Amino acid sequence: MKIQEECKSRFESLIANFIDTNSSFENSRWQEIETRYSEPHRTYHNLNHLYQMLGEYDLVSKELKDPEITLFALYYHDLIYDVTSKTNEEESANIAKERLSELTIENERIETCMEHILATKSHRLGDKCHPDTSYFLDIDISILGSEETKYYEYANNIRKEYSIFSDADYQTGRIQVLHHFIENIRLFHTDFFFDRYEMRSRHNVKLEIHSFLKGELI
């Protein structure tokens, strides 16, 4: 309940900056987010994920060029989450565009929000990306730098989300994702998150890969 209320309160405070007092509008927009992130198949990409990201966001919000838009991206980035789909990010970004347009937010800022969300598809930066996108991507994968027990919980919850796949198919896909991360020179784009989580993240990711190679689940 605390997590739900905190996520709701933060969203309502954010949206209140763009509308006159209109509780029904605030409630309908929050209800959409809460309903999506509470879908039964989500064991990781749920309100707990948003709550964890909010904590990381708070650490760097003063460094952001547009903290409000980054916060909108945080709430909408996994609005659509279907493990069998390859268009989750695009669909989430399009809904974010619709919702922010209803708030009469400038097109340029809406495009920035979409850029943040779409970047989570590859977790790599484009040549001319917004400076806040690097922070947003780092916030999204900050869970990789958790203490081992929390990382185990995260890894197990990801496996549950992909429960429709066999162990063999999941292992192949998951190892590919993990290698995608550690093949980069650095997992984290910003110095803040690099210093905070890089070493532990690499340890955790390599540990998970090793567990598959040993025929175990982490």
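This is a predicted model: local features need pLDDT of at least 70, side-chain atom pairs count only at pLDDT 80 or more; totals for chains, interfaces and linings use all residues.
## A helix tucked inside

Two residues are in contact when heavy atoms of each lie within 4.5 Å.

Who's on the buried list? Asp 132, Thr 133, Ser 134, Tyr 135, Phe 136, Leu 137, Asp 138, Ile 139 and Asp 140. The cover over these buried residues includes α3 (47–60), α4 (67–76), α6 (107–119) and α10 (191–213).

## The nonpolar core

Nonpolar side chains tend to be buried together in soluble globular proteins. Here, the largest nonpolar core has 58 residues. The ones touching the most other members are Ile 33, Phe 72, Tyr 75 and Tyr 76. Helix α4 gives this core its largest share, with 7 residues.

Setting aside neighbours within four places in sequence, Phe 72 is in contact with Phe 11, Leu 14, Phe 18, Leu 100, Leu 103, Ile 105 and Cys 113.

How many disulfides does the structure hold? The count is 0. A disulfide calls for two cysteine sulfur atoms within 2.5 Å.

Take Cys 7: the closest cysteine sulfur, in Cys 113, is 16 Å from its own, so that pair is too far for a bond. Cys 7 counts as buried because its relative accessibility is 0%.

As for Cys 113, the closest cysteine sulfur belongs to Cys 129, and at 15 Å that is too far for a bond. Cys 113 also has 0% relative accessibility, so Cys 113 counts as buried.

Methods:
Residues are numbered from 1 along each chain as its sequence is written. Side-chain values use heavy atoms; hydrogens and water are left out. Buried means under 20% relative accessible area, exposed over 50%, partly exposed in between (1.4 Å probe, protein chains only). Helices (H or I, at least four residues) and strands (E, at least two) are DSSP runs, numbered from the N terminus. A nonpolar core is a set of buried Ala, Val, Leu, Ile, Met, Phe, Trp, Tyr and Cys residues joined through side-chain atoms within 4.5 Å.
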